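The structure is shown first.

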Amino acid sequence: MVFSSLLFLYVFLPLNLILYHLMPSMRAKNTVMMIFSLIFYAWGEPVYVFLLLAMTFADWLLAQYIGAQRPRSRAAKQGVVLTCIVNLGMLGIFKYGTFFMENTHNLFGFPDHVLQIALPIGISFYTFQLLSYVIDVYRGEVEAQRSFPTLLLYVSLFHQCIAGPIVRYKDINEELLHRRATRADISYGVTRFTVGLAKKAVLANACGALADQLLVADNVAANQALGVISGQPVLALWVGVLAFMLQIYLDFSAYSDMAIGMGRMIGFHYRENFNYPYISVSITDFWRRWHISLSSFFRDYVYIPLGGNRCSAPRVVFNLFVVWFLTGFWHGASWNFMFWGLYFFVFLLLERAFLRGAFAHLPSVFGHIYALVVVYFGWVLFKFTDFSVLSTALSGMFGGTDVPFSNFEVMTLIQTNLPILILSAVACTPVVPRVGAWLYRRSEHSAAAWSFYRLVVIAAPVVLLLLATMSLVGDSYNPFLYWKF
């Protein structure tokens, strides 16, 4: 079950909210949320829900042990090491086990049979949440949660369990037991949810369908994909990557919007996960705006403990290398993701060395162009997991496959989808929120403007819900991009 399914929108979520708000006590409300969260996860992962339960229980016990030791003592450190072994071990087995066996088999001939291990949805997200919780207990930033059901609620909340953002325990530990959803919270939550839903169902899905038509779908075998890509015109490849670039932002940020909105409907305040990354003026700026919860996780739990930038220049380079290698590896069990992470590592090093100073003396438009170009080709690396397909796509983008620049079919397809591409590009910028803020400021001094503003605020969620529903009814194309995470 995904947020952008009719079953979720018109059965699961309304039933959850009705029962939640009917409950008389916070304990009862949390029980409702836990039951619905476990049902939600088990809907697509009936077996792996037990993995989620087991990992949470292990970390609950380990955090209790660590909390009972002297702060940062040797015993507490041993508890953290054991926690990392348990969590990263499970993540390694289920997410990377098949990948490692395939590479070992290709290099050394063993094992004879590569076991195909199914990937539990969302395992990277809830593993990192558990790690952040136990490490924060070790650091003394939070107390160990004595109630296992409360910790399980934190880990399994269906708002953010399978697609993020990575919510840290210390950010919501008070709200787990003491929260209140005001009318303003519920209103904001509904609006934020419907904005995310429309971004996903109307814009992201349309961009994804276009990307699959101009490039190739993710589920196509490598040899077949190679044949498709090698025959695509130059314009098809360039516009296809652009459509994918728009899709991945709109899709991912839409899930974060919906998670933040659903959390606000019941009194949770999750942190923002995206801040319009495509308006960045550098790659450093991009990663301050893109998947903020992941970037901040690696900063606080990997980069700074390694020494951050408070050490020698070679060590800083090493620290950055580790972070960006892991950032790429986190995204999937494939070499292209690791190269994708290291690709950004190179540009971040270049910026630290001299690009930042060079762009400081130029108009910001040059920084925007530079960042967009680097990110654009980064998504080429991200899109194609097979290196032969990747190299063919890059060659084809620059006319290396001896295919015409365009053809009638490609031009017709692009012209048909041009309005949705323009709308999607606008949705990647803060234009709409700024128009809303301008309208609100005008409404403070004009009764007519206030009436119009209130009409927009009330009507917008309804209109967005209807648009999303119409897009989902009868449309079988509704991909879930985060299965590999």
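In this predicted model, Cys207 has a relative accessibility of 0% and therefore counts as buried. Cys428 is likewise buried, its relative accessible area being 4%. The structure holds 0 disulfides. Cys207 takes part in none, and the nearest cysteine sulfur to that residue, belonging to Cys428, lies 7.7 Å away. Because a disulfide requires two cysteine sulfur atoms within 2.5 Å, the 7.7 Å between the sulfur of Cys428 and its closest counterpart, in Cys207, is too far for a bond.

Two helix pairs are described next. Two packed helices are characterised by the angle between their axes and by the distance between those axes. The table lists both values for each pair.

| Helix pair | Axes come within | Crossing angle |
|---|---|---|
| H1 (residues 6–22) and H2 (residues 26–44) | 8 Å | roughly 160 degrees |
| H10 (residues 234–265) and H17 (residues 408–427) | 11 Å | roughly 30 degrees |

How are H1 and H2 oriented relative to each other, roughly parallel or roughly antiparallel? Angles over 145 degrees count as roughly antiparallel, and the axes of H1 and H2 cross at roughly 160 degrees; the two helices are therefore roughly antiparallel. Their crossing is right-handed. On the H1 side, the contact is made by Leu7, Phe8, Phe12, Leu15, Asn16, Leu19, Tyr20 and His21, and H2 contributes Met26, Lys29, Val32, Met33, Phe36, Ile39, Phe40 and Trp43. Classified by residue type, the contact of H1 with H2 comprises 13 nonpolar, 2 polar and 1 charged residues.

For H10 and H17, the axes cross at roughly 30 degrees, which makes H10 roughly parallel to H17, because angles under 35 degrees are counted in that category. The crossing of H10 and H17 is left-handed. Leu235, Ala236, Val239, Ala243, Leu246, Tyr249 and Leu250 of H10 meet Val410, Met411, Ile414, Leu421, Ser424, Ala425 and Ala427 of H17. By class, this contact of H10 with H17 has 13 nonpolar residues, 1 polar residue and no charged residues.

The remaining site is a loop glycine. Gly122 is located in the loop between helix H4 (74–108) and helix H5 (123–139). Is Gly122 buried or exposed? With a relative accessibility of 0%, Gly122 counts as buried, since the category covers values under 20%. Gly122 and Asp386 are 264 residues apart along the chain, and their C-alpha atoms are separated by 23 Å.

Key. Residues are numbered from 1 along each chain as its sequence is written. This is a predicted model: local features need pLDDT of at least 70, side-chain atom pairs count only at pLDDT 80 or more; totals for chains, interfaces and linings use all residues. Side-chain values use heavy atoms; hydrogens and water are left out. Buried means under 20% relative accessible area, exposed over 50%, partly exposed in between (1.4 Å probe, protein chains only). Axes are lines fitted to C-alpha atoms, for helices over the stretch in contact, and angles run from 0 to 180 degrees between N-to-C directions. Helices (H or I, at least four residues) and strands (E, at least two) are DSSP runs, numbered from the N terminus. Angles under 35 degrees count as roughly parallel, over 145 as roughly antiparallel, 65 to 115 as roughly perpendicular and the rest as oblique. A crossing is left-handed if the near helix is turned anticlockwise from the far one by less than a right angle, and right-handed if clockwise. Contact means heavy atoms within 4.5 Å. Ala, Val, Leu, Ile, Met, Phe, Trp, Tyr, Cys and Pro count as nonpolar, Asp, Glu, Lys and Arg as charged, and the others, Gly among them, as polar.
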